[in-house]
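Visitor: Please show me how the features of a protein model are read.

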Amino acid sequence: MSRHPVCISVSSVQEDGGLRENTRREHRGTWHEREGVAYLLYDDDEGCATTLRLGRDEVRLYRRGALNSWQDFRQGEWTGGLYALGAGRQGEMVLRVMTHELAWTATAHGGQLTLVYDLFTAASAAADADPTALSLGRFTLDLAWTAQPLPTPEGNA
């Protein structure tokens with residue numbers, strides 16, 4: 001398995017009621033494929049190691065660091081997720097995800113991922129709480145990556 005350096009551009013929009021927040025970030029990371037599944041890895045601005053596992057019809061997002069989370073995405077399906085502050089279960093929040101759009105493509109030179117989804121959580125931490133009681137908004141994530149050339153040894157230009 002060979003990891004390839006990439007430059008990653010992450011654009012996101014969060015809409016909640018009348019509020020709309022746009023963000024755009026650039027990161028350096030790596031791309032590799034293993035057993036028919038693609039992986040994109042990078043460190044985000046919040047100090048979290050982020051991994052996107054890109055399967056044929058599904059995507060899983062992992063974040064580890066100051067916060068720990070995972071979310072699953074499958075178009076047209078309810079899926080789950082979890083958000084926790086720090087390494088323990090303190091501050092844990094169960095997530096529900098309804099994915100409206102999921103598309104990704106990749107070539108040797110780069111790729112693109114688009115996700116549009118609604119995110120929900122329970123209004124209370126009670127075990128019997130409705131996990132869709134509280135809407136966290138609609139999210140649009142556009143992520144593009146381009147391959148970066150490997151450094152050449154000095155004198156071999």
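Predicted model: local features only at pLDDT ≥ 70, side-chain atom pairs only at ≥ 80, totals over all residues.

Guide: Residues are numbered from 1 along each chain as its sequence is written, and side-chain values use heavy atoms, with hydrogens and water left out.

Visitor: How many bridges join S1 to S10?

Guide: Strands are DSSP runs of E with at least two residues, numbered from the N terminus, and two of them pair if DSSP finds at least two bridges between them. S1 and S10 run antiparallel and are joined by 10 bridges; Ser 11 stands opposite Asp 142 in S10. Strand S1 (residues 4-16) also pairs in the antiparallel sense with strand S2 (residues 19-34), over 13 bridges, and Ile 8 stands opposite His 27 in S2.

Visitor: Is Leu 141 buried or exposed?

Guide: Buried means under 20% relative accessible area, exposed over 50%, and partly exposed in between (1.4 Å probe, protein chains only). Leu 141, in strand S10 (residues 134-147), has a relative accessible area of 15% and is therefore buried.

Visitor: Which residues does Asp 44 touch, not counting those up to four places away in sequence?

Guide: Contact means heavy atoms within 4.5 Å. By that rule, Asp 44 touches His 27, Thr 50 and Arg 63. Asp 44 lies in the loop between strand S3 (37-43) and strand S4 (49-54), and its side chain reaches the backbone nitrogen of Gly 47 at 3.2 Å.

How values were computed. Helix = DSSP H or I, 4+ residues; strand = E, 2+ residues; numbered from the N terminus. Polar contact = N/O pair within 3.5 Å; in protein donor to acceptor, adjacent residues only side chain to side chain.
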